[in-house]
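This briefing is intended to be read alongside the sequence and the coordinates. Please have both at hand.

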Number of protein chains: 2
Amino acid sequence: MPKQVDHRERREAIARALWRVVEQRGVIHLTMREVAQEAGISLGQLQHYFASREAMLSFAMDFASEQASLRVSRGLQELGEPPHPRDVLRLMLTEMLPLHADARATSRMSAAYVLEALHDRNVRARARDGITQGRTLVEQLIRQAIADGHIDPDRDPAAEANLLLALTGFTTLLELDVIEPRAALTAVDLHLDRLFTRRTS
Amino acid sequence: MPKQVDHRERREAIARALWRVVEQRGVIHLTMREVAQEAGISLGQLQHYFASREAMLSFAMDFASEQASLRVSRGLQELGEPPHPRDVLRLMLTEMLPLHADARATSRMSAAYVLEALHDRNVRARARDGITQGRTLVEQLIRQAIADGHIDPDRDPAAEANLLLALTGFTTLLELDVIEPRAALTAVDLHLDRLFTRRTS
């Protein structure tokens with residue numbers, strides 16, 4: 001196996017160990033020592049792959065985001081050509097919610113990362129960039145859907161994008177079983193139905 | 001000062017120290033030792049007030065929730081009699097968002113508590129109960145607003161309550177400065193305007 005690939009795979013295995021620490025032991029255990037233990041390597045070996053705790057956390061967050069993007073890309077391929085913007089937005093939003101094991105790992109990593117961002121300037125800048133990028137993409141999709149006549153032209157694309165992103169707040173309700181996955185999807189569909197309702201046709 | 005009051009005040013001071021630890025040092029430092037240090041007391045003194053880390057965390061969360069309820073109660077008094085249900089829902093929702101220092105402390109405590117709930121059954125049960133109670137109240141308000149003719153009778157109170165609670169997802173967007181407080185309030189108002197729009201009058 002080429003050395004570069006092996007290096008990347010090792011880092012991904014460490015990232016997955018980090019996700020398990022967040023999930024099973026709690027963020028208080030999010031130290032390099034405990035992640036090394038969970039990954040079954042020594043602290044020294046871990047430090048060979050990540051120079052600092054922040055580098056390790058940021059890689060684990062980036063890897064989680066990449067996995068989420070891959071899931072969205074795979075989902076898009078199943079939507080037909082061209083996909084309806086409502087389906088694209090629904091796919092992006094639901095992949096951000098903890099509705100299956102992989103999305104749950106991403107979602108928990110993301111929650112831990114946002115808490116880390118409160119007191120770490122670098123983490124904050126990276127987290128902000130990631131979400132801002134996602135937000136821009138959602139707003140562009142809405143603008144295009146308005147241009148293509150799928151959404152009423154009197155809708156404010158920025159405000160509608162903000163509302164859609166805010167619906168990631170279902171995460172907490174789902175994680176704590178306050179509502180069932182089906183109820184979250186019903187509410188998401190209700191919201192999207194209203195967004196895509198044309199008052200004039 | 002009566003002993004009971006002093007005991008309560010000491011616990012509240014410790015809870016505030018815990019909030020500062022979450023905010024300034026990060027959840028990884030959420031140990032009894034570091035909270036004691038932040039509160040300016042010894043670990044032994046802290047253990048006199050809280051038998052376990054979980055008891056300390058749960059008190060700090062309950063205290064944060066109580067403070068939020070007090071802010072909502074004070075806000076309700078300014079709404080006039082009887083308050084319009086739209087204003088009540090807006091007040092409840094916006095007090096859950098990190099739009100000012102006190103609400104920010106509650107919001108961050110809550111985010112840390114939800115992460116703790118992932119791997120601690122007691123914390124999970126308490127967190128779930130708290131949010132379920134809030135959700136029930138929101139749904140009751142919506143049902144009453146439908147009965148009083150403020151909201152269309154064809155709206156589903158459960159789904160609308162879920163959507164409103166999901167909008168707490170603005171928290172991350174605000175914490176990371178992805179959007180401005182004004183943009184969050186604009187989107188919240190847009191959502192409430194639609195909820196309270198009567199198609200038949």
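Predicted model: local features only at pLDDT ≥ 70, side-chain atom pairs only at ≥ 80, totals over all residues.

Residues are numbered from 1 along each chain as its sequence is written, chains are lettered from A and ligands numbered from 1 in the order in which they are written, and side-chain values use heavy atoms, with hydrogens and water left out.

**Aromatic pairs**

- Rings of Phe, Tyr and Trp (its six-membered ring) pair if their centres lie within 6.5 Å; planes under 30 degrees apart count as stacked, over 60 as edge-to-face and the rest as tilted.
- Over all chains, six aromatic pairs are counted by this rule.
- One of them is the stacked pair of Trp19(A) and Phe63(A), at 5.5 Å centre to centre with 20 degrees between the planes.
- This pair links distant parts of the chain, 44 residues apart: Trp19(A) is in helix α1 (residues 3–25) and Phe63(A) in helix α4 (residues 53–77) of chain A, helices being DSSP runs of H or I with at least four residues, numbered from the N terminus.
- Trp19(A) and Phe63(A) are both buried, that is, under 20% relative accessible area (1.4 Å probe, protein chains only).
- In chain B, the rings of Trp19(B) and Phe63(B) are stacked, because their centres are 5.4 Å apart and their planes at 20 degrees.
- Both Trp19(B) and Phe63(B) are buried.
- One aromatic cluster is formed by Trp19(A), Phe50(A), Phe59(A) and Phe63(A).

**Charges over rings**

- The charged end of Arg11(A) sits over the ring of Phe59(A), 4.5 Å from its centre; the rule asks for NZ of Lys or CZ of Arg within 6 Å of the ring centre and within 35 degrees of the ring normal.
- Arg11(B) lies over the face of Phe59(B), 4.6 Å from the ring centre.

**Helix α7 of chain A**

- Among the buried residues of α7(A) are Arg135(A) and Glu139(A).
- Gly149(A), with a positive phi near 80 degrees, follows α7(A).

**His191(A)**

- His191(A) is placed in helix α10 (residues 181–195) of chain A and is buried, with a relative accessible area of 4%.
- Beyond its neighbours within four places in sequence, His191(A) has contacts (heavy atoms within 4.5 Å) that include Leu163(A), Leu163(B), His191(B) and Arg194(B).

Note on methods:
Helix = DSSP H or I, 4+ residues; strand = E, 2+ residues; numbered from the N terminus. Buried < 20%, exposed > 50% of the residue type's maximum accessible area, 1.4 Å probe, protein only.
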